[in-house]
Amino acid sequence: MGVTAMRWMAEVHVALRPGIADPEGQTIGAALRSLGHGSVAEVRSGKLMRIAFEADDHAAAEAEVAEMCRRFLANPVMEVASWEIRADEQIGDGPALP
Amino acid sequence: MTVIAGRPRVAVAVFPGTWSDRDFAHVAGSVLGWETRLLWHTETDVGDADAVVLPGGFAHGDHLRTGAIARFSPIMRAVEAFAEAGGPVIGSCNGFQVLTEAGMLPGALMRNDHLEFRCDWQTLRVEHSSASPAWLGDLSDGDLIRLPISHGEGRYVAADETLDALEASGRVVLRYSDDDGRINATANPNGSERGIAGVVNERGNVLGLMPHPERAAEPEVGGTDGLRIFRSLERWLHHQPAAAERRL
């Protein structure tokens with residue numbers, strides 16, 4: 001890591017592949033309908049991870065998150081990952097998360 | 001070639017959160033009189049083991065996904081090398097989940113379709129036992145065995161092409177069945193695709209199954225069908241070169 005490394009915040013979303021049954025999402029959907037939200041057609045559950053890290057530039061940050069997802073954060077058998085990355089100046093200086 | 005004339009030597013991997021390690025060690029050591037060794041997840045060698053067990057439990061708290069963190073443990077590099085050399089490996093419950101995460105077996109294990117943890121005795125139908133002489137040599141196709149299940153995430157999933165390929169190559173070796181051997185939704189305790197409870201790798205030396213053979217090894221606990229898997233291994237080992245020679 002060079003001295004020019006910047007701080008980044010990645011929001012990684014891990015979702016189930018289309019067609020993979022999601023009993024948790026179905027249960028949440030049924031609960032929403034029973035709470036009066038009758039228009040709810042479908043709920044798909046997933047994971048959200050916020051990852052604070054450092055990288056030299058945006059391209060390096062993208063590559064690093066892609067590798068995190070490929071190797072570890074999502075299982076390609078049943079999941080797909082997507083993410084957004086933004087520069088994050090607050091890391092280490094205060095609460096970065098809402 | 002010398003064959004293994006003495007007691008089988010089995011190594012049981014232990015991750016933080018594993019819970020069936022002592023049961024496996026009890027059956028192998030106390031019930032069967034085998035040499036048994038527990039392998040902490042930070043170890044890097046399986047030693048002179050003739051077979052390796054990945055037991056059930058909740059390695060690393062099942063965080064992220066079941067088995068997702070355990071598969072990167074140092075001991076898994078050694079287990080992969082052991083399996084690559086043809087050594088017999090069995091993963092039960094959480095161990096099955098670790099094997100799929102490690103890519104040593106296809107597919108994945110997801111939350112049970114009813115979202116409940118299920119702890120019960122389960123009937124299983126044996127198929128393609130010849131695909132895994134090391135683990136199923138003492139069983140016959142069509143045999144119905146009863147083993148405990150104990151899991152919240154045992155729903156076996158894989159892409160349709162993967163499932164078709166597994167079926168075509170005879171690698172689905174255990175299915176959840178009713179007491180008459182029928183495979184149907186009622187007999188399926190977790191919503192697994194095609195009722196799949198256990199699969200083997202292409203070579204047949206790596207078996208993953210959700211049920212717990214180590215919990216059915218003494219009549220006092222309600223059944224001994226699990227012993228048939230242990231006995232298969234013992235018989236198979238007697239016809240193999242010793243571990244030390246396999247590595248030459």
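In this predicted model, chain A holds an open sheet of three strands in the order 2-1-3, with antiparallel pairing. Strand 2 (46-55) and strand 3 (79-87) of chain A stand at the edges; each has a single partner strand, so one side of each lacks a neighbour in the sheet. From one strand to the next, the twist averages 20°.

The pairing of strand 1 (residues 6-16) with strand 2 of chain A is antiparallel and consists of 10 bridges. Within this pairing, V14(A) has K47(A), a residue of strand 2 of chain A, as its bridge partner. Helix 2 (residues 58-73) of chain A packs on the sheet, where it touches strand 1, strand 2 and strand 3 of chain A. The direction of helix 2 makes about 155° with that of strand 3 of chain A.

**Contacts between the chains**

Nine residues of chain A are in contact with 12 residues of chain B. On the chain B side, the residues that touch chain A comprise six nonpolar, four charged and two polar ones. For the complex, the predictor gives an ipTM of 0.85 and a pTM of 0.92.

**A loop of chain B**

The average pLDDT of chain B is 95, and 95% of its residues score at least 70. In chain B, the loop between strand 3 (51-54) and helix 2 (74-84) contains D62(B). L64(B) lies in the loop between strand 3 and helix 2 of chain B as well. D62(B) has a positive phi, near 60°, and is a residue other than glycine. For L64(B), also not a glycine, phi is positive at about 70°.

The values for the two residues are set out below.

Notes:
Residues numbered from 1 in each chain as written. Chains lettered and ligands numbered in written order. Predicted model: local features only at pLDDT ≥ 70, side-chain atom pairs only at ≥ 80, totals over all residues. pLDDT = per-residue confidence, 0-100. Contact = placed C-beta atoms within 7 Å. Nonpolar A, V, L, I, M, F, W, Y, C, P; charged D, E, K, R; others polar. Pairing = 2+ DSSP bridges. Helix = DSSP H or I, 4+ residues; strand = E, 2+ residues; numbered from the N terminus. Axes fitted to C-alpha atoms, helices over the stretch in contact; angles between N-to-C directions.
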